[in-house]
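Biologist: I would like to learn how to read the features of a model like this one. Could we go through it together?

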Amino acid sequence: MRRRAEKNKGKVSPALWPMYITTIAFIVLPLLYIVGISFLEKGDYFGVKNVVTIENYHKIFDPMYLSVLWESLKLAIITTVLTFLIGYPFAYCTAKLPVKWRGMVRMLLMTPFWLNSLIRLNGWIILMKANGVINTVLQSMGLIEEPLQLLYNDGAVIIGMVYALAPFMILAIYNSVEKLDWSLVEAARDLGAGPVKAFFTVTLPLSLPGIIAGCVLVFVPCIGLFYVSDLFGGSKTMLLGSLIRNEMLQARNWPFGAALSMLMLIATIGALQLYKKIAKTDSLQGIM
């Protein structure tokens, strides 16, 4: 048996071939294609020229595109903070519920994902538009005279982002809080710590891996959710994902769009590496 194991060491099992073929065909090759065209010049009408250049990456540092990148990072940070402030209490309270109620709450949390995200976001537009439910109710109560401009601004985009991504934060934190050793919290209380001090010195640090995982799951998609900024921000809010879409489909500048895509990929890898460095628990590292 030992000789057979040594003989087969380094060989790929045929059972794994479909996984490798799928990975190469749908991940590795498209990624190499994007990397390749990012170093080429734009074609006269569409496509690319076989001329190698780094101008596409140099163009990213133009102040106009840097402002888009900064706006994307700013909205992503704000969205991540808000989803944490909303998601942690929700996840904590859910984890403290009796076991028979936890499954029901998780099911209700996942139910919106059974519908298309565009349909769900359009529901918010019906509520927030000038003649929508919110403005109608406020006007009928005499609180406002003119409809509020609730759509087509950064605030509306943040609301859409938080709504779309909050479940990821909640589920990540819930999985961490549910697995806490509550005897440590009880020990802290027995040693004289109050509920608030026990929470900040024991519960919160122990749930930090779930918080970091939730922040990564929210922050990374925020940069690329162009359809949220299109629906809620109109033409006033341009995020990195929207810019890539415009360069690829409208301007047909595939090389520059590919360079922007590589920038987003680098940001994603950086966030994941930061997560792996901070989160030390084996279970969470196994997820990544």
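Biologist: Let me start with a residue: is Arg252 buried, partly exposed or exposed?

Modeller: First, a word on the ground rules: this is a predicted model, in which local features need pLDDT of at least 70 and side-chain atom pairs count only at pLDDT 80 or more, while totals for chains, interfaces and linings use all residues. Residues are numbered from 1 along each chain as its sequence is written, and side-chain values use heavy atoms, with hydrogens and water left out. As for the general idea, buried means under 20% relative accessible area, exposed means over 50%, and partly exposed lies in between, with a 1.4 Å probe and protein chains only. Arg252 has 42% relative accessibility, so it counts as partly exposed.

Biologist: Where does Arg252 lie, and what is its phi?

Modeller: Helices here are DSSP runs of H or I with at least four residues, numbered from the N terminus. Arg252 sits in the loop between helix H13 (240-250) and helix H14 (254-278). Its phi is near 55°, a positive value in a residue other than glycine. Tyr152 also has a positive phi, of about 60°, although it is not a glycine. Tyr152 is found in the loop between helix H7 (133-140) and H8, and its relative accessible area of 38% makes Tyr152 partly exposed.

Biologist: Which other loop residues could we look at?

Modeller: With a relative accessible area of 63%, Lys179 is exposed. Its C-alpha atom is separated by 9.5 Å from that of Leu206, 27 residues apart along the chain. Then there is Gly194, in the loop between H9 and H10, which is partly exposed at 28% relative accessibility. Gly194 and Val48 are 146 residues apart in sequence, and their C-alpha atoms are 65 Å apart in space.

Biologist: Now the helix pairs. At what angle do the axes of H6 and H12 cross?

Modeller: The axes are lines fitted to C-alpha atoms, for helices over the stretch in contact, and angles run from 0 to 180 degrees between N-to-C directions. Helix H6 (residues 117-128) and helix H12 (residues 226-233) have axes that come within 10 Å and cross at roughly 20°. As to naming, angles under 35 degrees count as roughly parallel, over 145 as roughly antiparallel, 65 to 115 as roughly perpendicular and the rest as oblique. H6 and H12 are therefore roughly parallel to each other.

Biologist: What is the handedness of that crossing of H6 and H12, and which residues make the contact?

Modeller: A crossing is left-handed if the near helix is turned anticlockwise from the far one by less than a right angle, and right-handed if clockwise. The crossing of H6 and H12 is right-handed. Contact means heavy atoms within 4.5 Å. On the H6 side, the contact is made by Ser117, Leu118, Leu121, Trp124, Ile125 and Met128, and on the H12 side by Tyr227, Val228, Leu231 and Phe232. For classes, Ala, Val, Leu, Ile, Met, Phe, Trp, Tyr, Cys and Pro count as nonpolar, Asp, Glu, Lys and Arg as charged, and the others, Gly among them, as polar. The contact of H6 with H12 has nine nonpolar residues, one polar and no charged.

Biologist: How do H10 and H11 pack?

Modeller: Helix H10 (residues 195-206) and helix H11 (residues 208-224) pack at an angle of about 55°, with axes 4 Å apart. That makes H10 oblique to H11. Leu204, Pro205 and Leu206 in H10 meet Leu208, Pro209 and Ile211 in H11, and by class this contact has six nonpolar, no polar and no charged residues.

Biologist: And what about H4 and H8?

Modeller: Helix H4 (residues 63-95) packs with H8 at an angle of about 45°, their axes 6 Å apart. H4 and H8 are therefore oblique to each other, and their crossing is right-handed. The contact of H4 with H8 divides into 20 nonpolar, five polar and four charged residues.

Biologist: Which residues does Ser72 touch?

Modeller: Ser72 is in helix H4 and counts as buried at 2% relative accessibility. Not counting residues up to four places away in sequence, Ser72 touches Ile223, Met238, Leu239 and Leu240.

Conventions
Helices (H or I, at least four residues) and strands (E, at least two) are DSSP runs, numbered from the N terminus.
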